[in-house]
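Please open the structure in your viewer and keep the sequence panel beside it, so that each selection can be made by residue number. The tour goes from one region to the next, and at each stop there is something to select and something to look for.

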Amino acid sequence: MSNDIPLPDRNGIHMPVMLREVLQTLAPADGETYLDGTFGAGGYSRAILEAAGCRLYATDRDPEAIRRAEPLVEEMDGRLRVLSGCFGDMEQILADAGISTLDGIVLDLGVSSPQIDQAERGFSFREDGPLDMRMGDTGATAADLVNTWGHGELARIIREYGEERHAGKVASAILRAREETPFATTLQLAEVIRRVVPKSKDGIDPATRTFQALRIQVNDELGELERALASAERMLKP
């Protein structure tokens, strides 16, 4: 594919930021089989299927993403199958579907736009919502973590996953605040963080790095990626 690969006008449909680069690298071909490990809003899946007469399997841990995929599944007339689960479990998920090898894999890491835009998912502090942050619908929430974890555990993940220089202060502030009122909402947590983390010159909200750290921990994002990369090495054709 050339560097000038045209992208269709989606008319309001979500377009992944690196769609052109992904299509150039993946180079979809007729008859091949691909995996979109993070269906999300369906931007990559649609583009891959429109680029060639290929088959595509897509996975997502988010039940809402699975429901969102239904119209595209119908539109693609048997070339798209969407499966529930984490991309770190791709080998087992695809084995259950009768697939053992793939011609290409796409993973769009991190939280998806629909998840951020829905205040009730608890990923963002732009609007108040429950302190959830789960990409799926099982497991511990961010509220569970900040209300039960000790200072050392909280400070570690905030420092490692959020690269927050003030991780110790944030952890201390969380422990003090939860003694009075357990954390339940995104703005409640963001306000506590803002009291102890100074504003940066680049304008990034002081709560951003801590929210990122909690999201990564809640969803085991680095563990999922490690498992997915190991599986991809085994499943991709030479």
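Begin by selecting Leu-131, Val-146, Ile-174, Leu-189 and Phe-211, which have the most contacts inside the largest nonpolar core, a group of 27 residues. A nonpolar core is here a set of buried Ala, Val, Leu, Ile, Met, Phe, Trp, Tyr and Cys residues joined through side-chain atoms within 4.5 Å. Buried stands for a relative accessible area under 20%, exposed for one over 50%, and partly exposed for what lies in between, with a 1.4 Å probe and protein chains only. The elements that give two or more residues to this core are helix 7, helix 8, helix 9, helix 10 and helix 11, and the most, five residues, come from helix 9. Helices (H or I, at least four residues) and strands (E, at least two) are DSSP runs, numbered from the N terminus. Apart from this core lies another one, of 20 residues, including Leu-19, Val-22, Leu-23 and Leu-49.

Before moving on, keep in mind that this is a predicted model, in which local features need pLDDT of at least 70 and side-chain atom pairs count only at pLDDT 80 or more, while totals for chains, interfaces and linings use all residues. Residues are numbered from 1 along each chain as its sequence is written, and side-chain values use heavy atoms, with hydrogens and water left out.

Now show the whole chain as a cartoon, where the secondary structure comes to twelve helices and four strands. Of the 238 residues in the chain, 46% are buried. If contact is taken as heavy atoms within 4.5 Å, then residues 24 or more positions apart account for 59% of the contacts in the chain with a separation of 6 or more.

Next, select helix 11 (residues 208-218) together with helix 8 (residues 151-162). At what angle do these two helices pack? The angle is about 100 degrees, and the axes are 8 Å apart; axes are lines fitted to C-alpha atoms, for helices over the stretch in contact, and angles run from 0 to 180 degrees between N-to-C directions. Helix 8 and helix 11 are therefore roughly perpendicular to each other, given that angles under 35 degrees count as roughly parallel, over 145 as roughly antiparallel, 65 to 115 as roughly perpendicular and the rest as oblique. To see where they meet, display Ile-157, Ile-158, Tyr-161 and Gly-162 of helix 8, and then Arg-209, Thr-210, Gln-212, Ala-213, Leu-214, Ile-216 and Gln-217 of helix 11. The residues of this contact divide into six nonpolar, four polar and one charged, where Ala, Val, Leu, Ile, Met, Phe, Trp, Tyr, Cys and Pro count as nonpolar, Asp, Glu, Lys and Arg as charged, and the others, Gly among them, as polar.

Stay with helix 11, whose buried residues are Thr-210, Phe-211, Ala-213, Leu-214, Arg-215, Ile-216 and Val-218. These buried residues pack against helix 7 (142-148), helix 8, helix 9 (167-180), helix 10 (186-196) and helix 12 (221-235). Just after helix 11 comes Asp-220, in the loop between helix 11 and helix 12. Asp-220 has a positive phi near 45 degrees, although this residue is other than glycine, and at a relative accessible area of 36% Asp-220 is partly exposed.

Follow the chain into helix 12 and select Ser-231, which is buried, with a relative accessible area of 3%. Leaving aside residues up to four places away in sequence, Ser-231 touches Gly-88, Met-90 and Glu-91.

For the last stop, go to helix 2 (residues 43-51) and pick out Leu-49. Is Leu-49 buried or exposed? Leu-49 counts as buried, at 1% relative accessibility, and seven of the nine residues of helix 2 are buried as well as a whole count. Leu-49 touches Cys-54, Leu-56, Met-76, Arg-79 and Leu-80, not counting residues up to four places away in sequence. Draw a C-alpha to C-alpha distance from Leu-49 to Met-76: the two are 27 residues apart in sequence and 7.7 Å apart in space. The buried residues of helix 2 pack against helix 1 (19-26), strand 1 (33-36), strand 2 (55-60), helix 4, strand 3 and strand 4 (104-106).
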